[in-house]
Amino acid sequence: MATIADMPPRSTSGDRPSGKVPTRTLDALNFFLADVRDGLGPYLAIYLIAVRGPAHGWNEATVGAVLTIAGIVGLISQTPAGSLIDRARNKPRIVMVAALLVTLSSLSLPIVSGFTAVAVTQSVAAIAGAVFAPAISAITLGLVGPKLFAKRVGRNEAFNHAGNAVSAALAGVLAWKFGPVVVFWLMGGLTVASIVSASRLKNDDIDNAVARGLDCEPDEADDDCAQPSGWKTLLENRSLMIFALTAFLFHLANAAMLTSVSQLLARTVGKDQATSLTAACIVAAQLVMVPVAILVGRHTDRWGTKPLFLVAFAFLAARGALYTVSDNPWWLVGVQALDGVGAGIFGALFPVVIADLTKGTGRFNVSQGAVASAQGLGAALSATLAGAIIVWAGYTASFLTLATIAALGLGLYVVAMPETKEKGAG
């Protein structure tokens, strides 16, 4: 095990702790990991409804139930995953293992059958997937330091969205010719590329103290080095708790939108075209997210986090309402592009806001896990809520309900969430 003497020099200036930032390697990792970290995502709904179908017991409600089970397992795993990353001395290795587990769980779907087996495989993928967000954020913070963190997170998100766009485009083209099963093999190839990219990160370049939100490595012989704060400190952080609630509402509104659209497309145009059109939905949103993430990363210190988050909620609410205007496939694809603004802002700012609110506590990653649990709960309930409303009242009622939840989140953020940046500091 590494000792304090083995660690690279510490920095309290907010700059890169030591050495040169492996910019291209981080870019490649975020690009290739993009389609791996979320598992099958909306393709799972298409596969279960269009390929397995009602003959095997699959409809919008049962698919929603599986997604909810996996989501609950994943959210329970979020906080332990953050704690693991806080303590881990080799974060790239954890990313590699998690990528392998997610992919193996997804590749088993054509083999396994039945509600229970599918729920188990997706739960395993959810447990492994809980590692990615805190691991990537911690690796980034440990490499670049707090001062450059917002800008680098924006770049991470840009490459993540670019990776999603490219993989979705490939899935769409290949599914048109080979059918929905092609997404399994695409994921396998991207996993190999992700593992290769993660293996190129030099673990010694990552400052583990900075990566967890401390200015130095805790040492019993060093009285001047602050120890990580206790759980009580986090629970008493009112702004962090409010942010967790707004994250819950954002994902309660957002998570089921694309899944619902993919199911609607499967009903109206058939499974093969639905897979390709769902890929088009993803590509449209991801292409918008790339410039949005870069813009947010570059200007967060100057514009502040609060106005940007309000824009994200506003676009989410508008998207839910606009889905009800028409069920024309290309209209749905166009509306889905609005996700690029809302989700693009949220993804770029999520770790930045938490880093601001937990600075100096040494609990950055476990706090990410705790807040991610809240947003995971929202995402898990979203699938069941939307699926149940679709079965009982139709797609229009479901989309309007999700839009209303987004509007509630917007109101809460306006009245209760403070600004975390000093404007003009950047």
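The model is predicted, so local features need pLDDT of at least 70 and side-chain atom pairs count only at pLDDT 80 or more, while totals for chains, interfaces and linings use all residues. Residues are numbered from 1 along each chain as its sequence is written, and side-chain values use heavy atoms, with hydrogens and water left out.

**Exercise 1. The overall make-up**

Find how many helices and strands the protein has, and what share of its residues is buried.

Solution. 
- Start with the elements: helices (H or I, at least four residues) and strands (E, at least two) are DSSP runs, numbered from the N terminus. The protein has 17 helices and 0 strands.
- Next comes burial, where buried means under 20% relative accessible area, exposed over 50% and partly exposed in between (1.4 Å probe, protein chains only). Of the 426 residues, 58% are buried.
- Finally, look at contacts, meaning heavy atoms within 4.5 Å. Among contacts with a separation of 6 or more, 83% join residues 24 or more positions apart.

**Exercise 2. Checking helix lengths**

Solution. 

**Exercise 3. A helix pair**

Work out why H4 and H8 count as roughly antiparallel, and which kinds of residue make up their contact.

Solution. 
- Axes are lines fitted to C-alpha atoms, for helices over the stretch in contact, and angles run from 0 to 180 degrees between N-to-C directions.
- The axes of H4 (residues 91-107) and H8 (residues 182-199) come within 9 Å and cross at roughly 170°.
- Angles under 35 degrees count as roughly parallel, over 145 as roughly antiparallel, 65 to 115 as roughly perpendicular and the rest as oblique. H4 and H8 are therefore roughly antiparallel to each other.
- On the H4 side, the meeting residues include Val 95, Met 96 and Leu 100; on the H8 side, they include Trp 185, Met 187 and Ile 195.
- The residues of this contact divide into 11 nonpolar, 5 polar and no charged. Here Ala, Val, Leu, Ile, Met, Phe, Trp, Tyr, Cys and Pro count as nonpolar, Asp, Glu, Lys and Arg as charged, and the others, Gly among them, as polar.

**Exercise 4. Nonpolar cores**

Identify the residues that touch the most other members of the largest nonpolar core, and the helix that gives the most to this core.

Solution. 
- A nonpolar core is a set of buried Ala, Val, Leu, Ile, Met, Phe, Trp, Tyr and Cys residues joined through side-chain atoms within 4.5 Å.
- The largest has 68 residues, and Phe 243, Ile 345 and Val 371 touch the most other members.
- Elements giving two or more residues to this core include H7 (149-178), H12 (271-303) and H16 (364-393). H11 gives the most, with 17 residues.
- Leaving aside neighbours within four places in sequence, the contacts of Ile 345 include Val 292, Leu 308 and Phe 309.
- Another core, of 45 residues, lies apart from it, with Tyr 47, Ala 98, Val 131 and Leu 186 among its members.

**Exercise 5. Single residues**

Solution. 
- Leaving aside neighbours within four places in sequence, Glu 157 is in contact with Ala 293, Gly 347 and Ala 348.
- With residues up to four places away in sequence not counted, Asn 156 touches Asn 30, Ile 136 and Thr 140.
- Gly 409 and Leu 245 are 164 residues apart in sequence, yet 8.4 Å apart in space, C-alpha to C-alpha.
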